[in-house]
Amino acid sequence: MESIWTRETALPRFPSLRGDLRTDVLVIGGGLAGLLCAHRLTELGVENVLVEAGVLCGGVTKNTTAKITSQHGLIYGKLLRRLGAERAGMYLEASQAALGEYRRLCAGMDCGFEERDAFVYARDSWDKLEREMRALEALDFPAELTEAVPLPFPTAGAVKFPRQAQFNPLRFAAALVKGLRVYEHTPVLELAPGTAVTPEGKIRAEGIIVCTHFPFLNKHGSYFLKMYQSRSYVLALENAPDVGGMYVDEAEDGLSFRNAGELLLLGGGGRRTGKKGGGWQELKRSAARYYPASRERARWAAQDCMTLDGAPYIGPYSARTRGLYVATGFNKWGMTSSMVSAMILGDLLTGRENPWAPAFSPSRTVLRPQLAVNAAGAALNLLTPTRPRCPHMGCALKWNPQERTWDCPCHGSRFTEEGRLIDNPATGDLKRCGPKRE
């Protein structure tokens, strides 16, 4: 299981850190969010170091579908209700500014950047599309409502965002990392005020940014209650048409489409991590039905942190952690949110006022219905008397037969059949993984 980006691009490798060092800002996590934060700080003249527990872009970034867009489902009507007009507008402005920053950076890179219109389609509800258009009109954004959707099944129509973009994320990362101070195979074992402990030394910094996908420090911020993780699946198909844009269903269990060169990337089959879902089998059935002449060239899966209200958490890690910042909860839109993180955190760490920061504050209200769902699910799973247990907070792991992994339904940690850690927030392997599964 390997994405087309991994097959096409080899990133440079970096040494592990041996000994102590001091820097102005430490960035923890070498996915695209961490790389963009380090790059932004470098542009602002701030000394920084980035450490990665594994290798650069070895987690979610290599498995993205790499859409750069402000259109994150039919989200703006929801944001207006949940956050209010001012903060919903901040979210939209920040996302559009992120798209502009990608245009600026990619202009000097060979990373496959190309403008494409983005669409959210509905299979059977024109009313949902009209409600989203009214929200976008209230936010003064020039979206369009269209009935012409070139997909292989009937739709009610779609909301169109013009001039969005897509690219090759690893080619972009390979160009972005030039000139950055990076250490791979350097996990952070412990955080204290102004200090990060690694296996072979300590890093002292005035500011620390946690870009580890799911934050690993449990005693602050309550991220284990404020988020859950969701898996989604992709097939890369040859001998399939160019759909002429980027498409995503407004329904959570729908299909997404974008082209990458001569391949069509068909996404879907998603589920909450640790729960049952369609996965690649569902996508294969869709490919056989809608594109019977197509052939599978690659398949892969991604994992995303989902927040209580649909907006990421970007800013101070908590109200009581001075000098510690976080970027997480990208809700399946990690390319745009990674850039938003770099812009906001770059300003906060240089004492500048950022106009969008309030909409993404990790300290905003947690009084959302999803909080009760997350808490109840975790409590029920903690009481489940089965093994193996997740070393993060002790939840019972579930066997995933499609991917042959042990998955945590509480917070999304994943492990190989032998117990090796794949996805955080757990920070170590399983000590016991139980009997082999067939």
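Which residues is Gln-166 in contact with, leaving aside its neighbours within four places in sequence? In this predicted model, they are Ala-66, Gly-112, Phe-113, Glu-114, Arg-116, Met-246, Arg-258 and Asn-259.

**Gln-166**
- Gln-166 belongs to strand E6, which spans residues 157-166.
- The residue is buried, because its relative accessible area is 0% and the cut-off for buried is under 20%.
- The side chain of Gln-166 forms a polar contact of 2.7 Å with the side chain of Glu-114.
- A polar atom of the Gln-166 side chain also lies 2.9 Å from the backbone oxygen of Asn-259.

**Glu-115**
- Glu-115 is part of strand E4, made up of residues 114-122.
- With a relative accessible area of 36%, Glu-115 is partly exposed, since that class lies between the buried limit of 20% and the exposed limit of 50%.
- Apart from neighbours within four places in sequence, Glu-115 is in contact with Arg-103, Arg-163, Gln-164 and Ala-165.
- Two of these contacts involve arginine side chains: the side chain of Glu-115 makes a polar contact of 2.8 Å with that of Arg-103, and a polar contact of 2.8 Å with that of Arg-163.
- Between Glu-115 and Glu-132 there is a separation of 17 residues in sequence, and their C-alpha atoms are 23 Å apart in space.

- The buried residues of H6 are Pro-169, Leu-170, Phe-172, Ala-173, Ala-174 and Leu-176.
- Among the elements covering these buried residues are helix H1 (4-8), helix H2 (32-43), helix H4 (85-106) and helix H9 (334-348).
- Where H6 starts, a side-chain oxygen of Asn-168 comes to within 3.1 Å of the backbone nitrogen of Leu-170.

**H2 against H6**
- The axes of H2 and H6 are 10 Å apart, and the two helices pack at an angle of about 30°.
- Angles under 35 degrees count as roughly parallel, and H2 and H6 are therefore roughly parallel to each other.
- Their crossing is left-handed.
- From H2, the contact uses Leu-32, Leu-35, Leu-36 and His-39; from H6, it uses Phe-172, Ala-173 and Leu-176.
- The residues of this contact between H2 and H6 comprise 6 nonpolar, 1 polar and no charged.

**H2 against H4**
- The axes of H2 and H4 come within 14 Å of each other and cross at roughly 75°.
- An angle from 65 to 115 degrees counts as roughly perpendicular, and H2 and H4 are therefore roughly perpendicular to each other.
- On the H2 side, Leu-32, Leu-36, His-39, Arg-40 and Glu-43 take part, and they meet Glu-101, Tyr-102, Arg-104 and Leu-105 of H4.
- By class, the residues of the contact between H2 and H4 are 4 nonpolar, 1 polar and 4 charged.
- Leu-32, Leu-36 and His-39 of H2 take part in the contact with H6 and also in the contact with H4.

Note on methods:
Residues numbered from 1 in each chain as written. Predicted model: local features only at pLDDT ≥ 70, side-chain atom pairs only at ≥ 80, totals over all residues. Heavy atoms only, no water. Buried < 20%, exposed > 50% of the residue type's maximum accessible area, 1.4 Å probe, protein only. Helix = DSSP H or I, 4+ residues; strand = E, 2+ residues; numbered from the N terminus. Contact = heavy atoms within 4.5 Å. Polar contact = N/O pair within 3.5 Å; in protein donor to acceptor, adjacent residues only side chain to side chain. Axes fitted to C-alpha atoms, helices over the stretch in contact; angles between N-to-C directions. Parallel < 35°, antiparallel > 145°, perpendicular 65-115°, else oblique. Left-handed = near helix turned anticlockwise from the far one by under 90°. Nonpolar A, V, L, I, M, F, W, Y, C, P; charged D, E, K, R; others polar.
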